[in-house]
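Q: Can you walk me through this chain? Start with the overall layout, then the packing.

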Amino acid sequence: VSTQSTGLYNAVRLDSSIRYMLFFFLYGFQIFVSAVAVLGFSGGGFAGWITAFATMEKNKVLGVLGILNSLAWCANCLIAVYLIMQIHKTYRSTGQSMEKASGEFAASAGSSRSFGQAVLRSL
């Protein structure tokens with residue numbers, strides 16, 4: 001079970017806006033990494049479109065494999081965007097909001113003794 005699946009499960013189970021926000025942040029980062037992988041900048045570690053076409057000039061077989069890899073990253077990115085849109089629709093239909101998440105964070109931070117002491121020390 002991935003960490004993101006567990007985060008979404010806990011957000012739904014506990015009806016927690018702050019857990020939804022954490023999920024959206026982490027999943028958004030994953031979509032960003034997928035988009036970078038789709039492009040595949042030279043020396044970036046991903047065999048995306050840029051790397052695939054650059055390799056095609058030198059070695060046709062590796063170029064084709066790079067294109068197949070790029071297509072897989074494209075599918076991954078598109079599916080991830082579709083899923084986050086569906087999850088956001090569910091999030092909004094349950095009455096959750098950014099204001100509710102901020103309120104939950106303030107309430108949990110205010111009740112945490114160590115957090116309160118850290119804030120006082122920083123002042």
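**Layout and packing**

A: The chain has six helices and zero strands. The model is a predicted one.

Q: What pattern does the chain follow along the sequence?
A: It reads α-α-α-α-α-α.

Q: How much of the chain is buried?
A: Buried residues account for 24% of the 123 residues.

Q: And contacts between residues at least 6 apart in sequence, what share join residues at least 24 apart?
A: That share is 48%.

Q: Which residues are in the largest nonpolar core?
A: There are eleven: Tyr20, Phe23, Phe24, Tyr27, Ile31, Val38, Cys77, Ala80, Ile84, Ile87 and Tyr91. The elements that supply two or more of the core residues are helix 2 (17–39) and helix 4 (60–93).

Q: Which one gives the largest share?
A: Helix 2, with six residues.

Q: OK, stay on helix 2. What else is buried there?
A: The buried residues of helix 2 are Ser17, Tyr20, Phe23, Phe24, Tyr27, Ile31, Ser34, Ala37 and Val38.

Q: What comes just after helix 2?
A: Gly40, which takes a positive phi of about 65°.

Q: Now the pair. How do helix 2 and helix 4 sit relative to each other?
A: Their axes come within 9 Å and cross at roughly 160°. An angle over 145 degrees counts as roughly antiparallel, so helix 2 and helix 4 are roughly antiparallel to each other.

Q: Left-handed or right-handed crossing?
A: Helix 2 passes helix 4 in a left-handed crossing. On the helix 2 side, the contact is made by Ser17, Tyr20, Met21, Phe23, Phe24, Tyr27, Gly28, Ile31, Ser34, Ala35, Ala37 and Val38. On the helix 4 side, the contact residues include Trp73, Cys74, Asn76, Cys77, Ala80 and Val81.

Q: Which others on helix 4?
A: Leu83, Ile84, Ile87, His88, Thr90 and Tyr91 are also part of the contact.

Q: Buried or exposed?
A: Ser70 is buried, because its relative accessible area is 0% and buried means under 20%.

Q: What does Ser70 touch, leaving out residues up to four places away in sequence?
A: Ser70 touches Ala47, Gly48, Trp49 and Ala52.

Methods. Residues are numbered from 1 along each chain as its sequence is written. This is a predicted model: local features need pLDDT of at least 70, side-chain atom pairs count only at pLDDT 80 or more; totals for chains, interfaces and linings use all residues. Side-chain values use heavy atoms; hydrogens and water are left out. A nonpolar core is a set of buried Ala, Val, Leu, Ile, Met, Phe, Trp, Tyr and Cys residues joined through side-chain atoms within 4.5 Å. Buried means under 20% relative accessible area, exposed over 50%, partly exposed in between (1.4 Å probe, protein chains only). Helices (H or I, at least four residues) and strands (E, at least two) are DSSP runs, numbered from the N terminus. Axes are lines fitted to C-alpha atoms, for helices over the stretch in contact, and angles run from 0 to 180 degrees between N-to-C directions. Angles under 35 degrees count as roughly parallel, over 145 as roughly antiparallel, 65 to 115 as roughly perpendicular and the rest as oblique. A crossing is left-handed if the near helix is turned anticlockwise from the far one by less than a right angle, and right-handed if clockwise. Contact means heavy atoms within 4.5 Å.
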